[in-house]
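Dear colleague,

I am passing on the structure below, together with some notes on what I found when going through it. Please read the notes with the structure open beside them.

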Amino acid sequence: MDVAGRLPRLRGALDAAGCDALLVTSLTNIRYLAGFTGSAGMLLILPDEVVLVTDGRYETQSEEQLAAAGVAARTEIGQYARQQEVTKALVASAAVGRLGLEAAHVSWARQRAFAADWFAGVSLVPTVGLVEALRRVKDPGEVDRVVRAAAIADAALASVRPMLAEGPTEAAFGLALDFEIRRLGATGNSFETIVASGPNAAKPHHRPSPRQVQHHELIVLDFGAMVDGYCSDMTRTVCVDEPTPEMQRVVDVVLASQAAGVAAVRAGVACADVDRACREVIGAAGWGERFMHGTGHGVGLDIHEAPAVAATSSDTLAAGHVVTVEPGVYLAGIGGARIEDTVVVTDDGCWPVTTTSKDMRVCET
Ligand code: ZN
Ligand code: ZN
């Protein structure tokens with residue numbers, strides 16, 4: 001991963017955003033720019049230097065991580081009052097007239113404190129998505145981490161999948177899957193695992209419950225692993241023995257929709273067109289109203305990040321984007337299906353980081 005190359009690219013965007021300096025307060029963005037993974041801190045990007053401001057818990061870690069990332073930044077360590085004093089002095093001595101804040105990552109209370117106490121007399125500029133824009137295109141090291149996370153998720157599912165035939169509760173199966181994800185080397189889940197069986201599969205974001213999974217019903221499994229901060233995301237819909245004819249038709253339509261979406265993914269294609277490709281297949285089957293979420297999203301340090309793959313998206317795919325394609329059909333009270341792959345966008349199309357077969361069978365009848 002070329003972490004050190006990111007700050008210069010961000011600097012190139014500051015002037016157009018109307019600021020002389022930027023105070024980065026999103027911990028994910030700080031990690032992206034400087035390699036620091038602590039739970040508290042601010043990264044102050046001044047015209048001539050970069051300073052990571054954090055507290056005593058991270059005195060050693062911050063130095064180590066900045067050095068490991070090869071990032072030319074120094075650290076300032078202290079509690080709130082000291083951080084305020086140091087940051088205020090740095091901004092004043094650099095003669096910053098316009099200080100950018102990350103509008104989506106500053107609470108109202110914090111903004112008021114910044115304006116009144118920290119940076120009185122400085123023009124505070126609300127910026128949106130400056131670092132997130134850089135994060136869209138992944139470098140090979142980032143893609144490698146997503147691939148490793150996806151490989152763990154694939155292997156974990158393969159390992160615990162036969163358990164479904166024994167009729168575990170959704171919660172027990174989810175726990176077994178999560179445990180396997182950790183055992184295989186992930187630092188954690190990239191989000192809370194979804195195990196939705198039978199009628200619960202009609203709820204796109206169902207939480208694993210005490211319900212026991214049954215034969216002949218659809219089971220939606222949506223989960224991901226995390227490796228070195230990077231997420232994976234996949235959904236498979238499976239069934240012990242044969243599903244009902246109606247549910248088989250739902251799965252067939254979702255499979256065709258998902259394939260159409262993946263086939264539409266290519267650098268230069270509007271995200272809204274990928275969404276349309278998925279939605280047309282489901283609409284033609286008469287379930288257009290039952291596909292009530294967007295088609296996909298970017299995946300990286302955050303499980304949901306830019307670009308959005310949705311009808312309302314104005315984003316265009318570019319080589320190096322990592323996005324999901326995950327249409328679904330949900331029939332309230334009956335069941336549902338969703339199929340999701342994470343793919344890496346290329347100039348010619350895309351390639352999947354998710355490799356689990358879409359064969360839904362848990363065991364042969
Ligand atoms: Zn998912
Ligand atoms: Zn997803």
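The axes of helix α9 (residues 245-264) and helix α10 (residues 271-284) approach to within 8 Å and cross at roughly 155°, where axes are lines fitted to C-alpha atoms over the stretch in contact and angles run from 0 to 180 degrees between N-to-C directions. The two helices, α9 and α10, are therefore roughly antiparallel to each other (the term applies to angles over 145 degrees). On the side of α9, the contact is made by residues including Val-253, Ala-256, Ser-257 and Ala-260, and on the side of α10 by residues including Val-274, Ala-277, Cys-278 and Val-281, contact meaning heavy atoms within 4.5 Å.

Please bear in mind that this is a predicted model, in which local features need pLDDT of at least 70 and side-chain atom pairs count only at pLDDT 80 or more, while totals for chains, interfaces and linings use all residues. Residues are numbered from 1 along each chain as its sequence is written, chains are lettered from A and ligands numbered from 1 in the order in which they are written, and side-chain values use heavy atoms, with hydrogens and water left out.

The zinc ion (ligand 2) is coordinated by Asp-233 (OD), His-297 (NE2), Glu-326 (OE) and Glu-340 (OE), at 2.0 to 2.1 Å. In sequence, the donor residues of the zinc ion (ligand 2) follow the spacing D-x63-H-x28-E-x13-E. His-297 lies in strand β13 (residues 296-298) and Glu-326 in the loop between β15 (322-325) and β16 (328-331), so this pair ties together parts that are 29 residues apart in sequence, strands being DSSP runs (E) of at least two residues and helices runs (H or I) of at least four. His-297 and Glu-326 are also buried. The two zinc ions, ligand 2 and ligand 1, are 3.1 Å apart, and Asp-233 coordinates both.

Finally, Thr-193 sits in the loop between β7 (188-189) and β8 (194-197), and counts as buried because its relative accessibility is 4%.

Technical notes. Parallel < 35°, antiparallel > 145°, perpendicular 65-115°, else oblique. Buried < 20%, exposed > 50% of the residue type's maximum accessible area, 1.4 Å probe, protein only. Donors = N, O, S within 2.8 Å, 3.2 Å for Na, K, Ca; no water.
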